[in-house]
Amino acid sequence: MYRARTLVLIFAVLLAVVLINQISTTQLSISDTDASTYVVVPMLMVPIFALFMLKEGIVADVEKRDIVLGAVLFLAAIGMEAYFDATMSYLSFSYRMAALSLPLIIAALSALLFGARNMRRFSFIAVYALFAWPAIFLPVINLEQSFSAINTAIVYSMAKLVVPGLSYVPPISMVLNGTSISIGEACVGIGALIGLVMFLIPLAYFYDASPRERAVWVLTGFALMLVLNIARMLAITTLWFVYGPSQNLISAHSIAGQIMFYGIMAVMVIFSGRFGLSYPSLAGAGRGKGTFSKAGIVVAIVLSLAYLAFSANVASAQQVSPTIASGTARLNFTGGTLIATLDSVANVQNYSSDSFISNGSTSASVYVHNVSGMSQLPIVLIFGQPNATLESEFSQSAFLYKSDQAGNVGKIYELYANGNYSFVYYRRIPYNSGSAVIPADMYVILQRYPYGQGTSCGTASQAMRDAITNAVFLNFPNATDTARIDSAYCFMSKVLK
């Protein structure tokens, strides 16, 4: 027999273990200029939400089949993440596709620790965890410019009462005697609004109250944030035009936003009783005994640590904000953008190299020469427009999925012609044109087999990720091809980051 509250604690700790690498890639504060950074709130709140399950007084009821179910669900979650990383490249990290596996992991842990009969008790936290996937709120975030215009019109109508002669310049500017101020996306705080709601929802669950009382409490916090943010913008605007622009006002604008965000959190908790919310009695909660499984606990711990190892390298994977990650503009290489692109994917400082940009500036190539003492083994990097046809042709050859030390997943193909082996590494990468981030294809070409090069390079985490990814796609080249591909990749990795 086992005390359920200990199982809840284990559940919360294991969720924290699962999330720790994802949190490490996330900005720990909500950015004024990137509303998608709100995801840090649900990520941090999921383990806390798990602790709130103490109020449920769940009694464990674990059977052998529950352990099998939990293990299958957990492995499916890992496989799902491996699939997204391999097929979406940097977009998988940019859109935080790993969040889609969280409900499966929560279901798996609940089955392993509490039994399948209790899985439905964890459905609310599983749904909540999905909000760590920023694509859910992208339609709202993309309305930020329109929201800025609405806020500007509201602030203007109020500020004009205090500052006569103020003119409104649509969509987001106000002007007086040659001095102007614009209410941009950094002012309206859609990310902070979403983050506040994501903070309040787990607390609303924890409190004892009716669904209506909980909803009113959360919506009041949201409304308070809206009103106080308009008051902040109105105050800054009025002071700007009355006393003139100053760096102190700009600094106060930023600091006031942070104080307001955390202040509203505190106010809503302090006055929660006024909304009919009350702290639950935990005196007897979680003390119930039930049928637990030591094997289930061990499997849950082992799989959580395996996931931690699997995701260990994602901290430095290439990613961009999902608000700008899916541009489709034409590539236009310049000397500067080629250097920046090359620096993000390769390390050529210790080698001699030559760079070329095509006449139309839609592609570029870099020849890296003295990677070894063998002059016939240069490495060529080619960057160009995404080309599905070319990738399909390469896929007719033996290949392996390979992950680098940053967690980026690419394919390396083995080609054979005229008695010689050559190898092509392929990955889709982000190209920053200055005005947009758009996808580009990168091909790394090794024209001959690097005899004498070892087949073992990289970390244990990389090897684990490679094995899982290739298994997900049922991609198992024969041992000879695998050894050649591994050897070629180890040689390429001297240049690839």
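This is a short tour of selections in a predicted model.

Residues are numbered from 1 along each chain as its sequence is written, and side-chain values use heavy atoms, with hydrogens and water left out. Because the model is predicted, local features need pLDDT of at least 70 and side-chain atom pairs count only at pLDDT 80 or more, whereas totals for chains, interfaces and linings use all residues.

**Stop 1: the disulfide**

Select Cys457 and Cys490, which are joined by a disulfide with an S to S distance of 2.2 Å. A disulfide here is a pair of cysteine sulfur atoms within 2.5 Å, and by this rule the count is one. The angle about the S-S bond is -95°, and the link of Cys457 and Cys490 is left-handed. The two cysteines are 33 residues apart and belong to distant parts of the chain: Cys457 is in the loop between strand S12 (437–446) and helix H16 (460–472), and Cys490 is in helix H17 (residues 479–492). Helices (H or I, at least four residues) and strands (E, at least two) are DSSP runs, numbered from the N terminus.

Colour the pair by accessibility next. Buried means under 20% relative accessible area, exposed over 50%, and partly exposed in between (1.4 Å probe, protein chains only). Cys457 is partly exposed at 34%, while Cys490 is buried at 4%.

**Stop 2: Asp466 in H16**

Move to Asp466, placed in helix H16. Its relative accessibility is 10%, so Asp466 counts as buried. Contact means heavy atoms within 4.5 Å. With neighbours within four places in sequence left aside, Asp466 is in contact with Tyr401, Lys402 and Ser403.

**Stop 3: strands S11 and S12**

Select Arg428 and Asp441, a salt bridge whose closest N and O atoms are 2.8 Å apart. Arg428 is in strand S11 (residues 420–432) and Asp441 in strand S12, so the pair ties together parts 13 residues apart in sequence. Asp441 is buried, with a relative accessible area of 0%, whereas Arg428 is partly exposed at 28%. A salt bridge is a side-chain nitrogen of Lys or Arg within 4 Å of a carboxyl oxygen of Asp or Glu; the whole structure has 14 of them.

**Stop 4: the loop between H2 and H3**

Show Lys55 and Asp208, which form a salt bridge with the closest N and O atoms 3.5 Å apart. Lys55 lies in the loop between helix H2 (40–51) and helix H3 (64–88), and Asp208 in the loop between helix H10 (190–206) and helix H11 (211–243), so parts 153 residues apart in sequence are tied together. Asp208 is partly exposed, at 32% relative accessibility.

Then select Asp61 and Arg117, whose side chains meet in a salt bridge (3.3 Å, N to O). Asp61 is in the loop between H2 and H3, and Arg117 is 56 residues away, in the loop between helix H5 (102–114) and helix H6 (123–129). Both are partly exposed: Asp61 at 26% and Arg117 at 45%.

**Stop 5: H3 against H5**

Display H3 and H5, whose axes come within 8 Å and cross at roughly 160°. Axes are lines fitted to C-alpha atoms, for helices over the stretch in contact, and angles run from 0 to 180 degrees between N-to-C directions. H3 and H5 are therefore roughly antiparallel (over 145 degrees; under 35 is roughly parallel, 65 to 115 roughly perpendicular, and the rest oblique). Their crossing is left-handed, meaning that the near helix is turned anticlockwise from the far one by less than a right angle. Show side chains at the contact: among those in H3 are Ile67, Leu73, Phe74 and Met80, and H5 contributes residues including Leu104, Ile105, Leu109 and Leu112.
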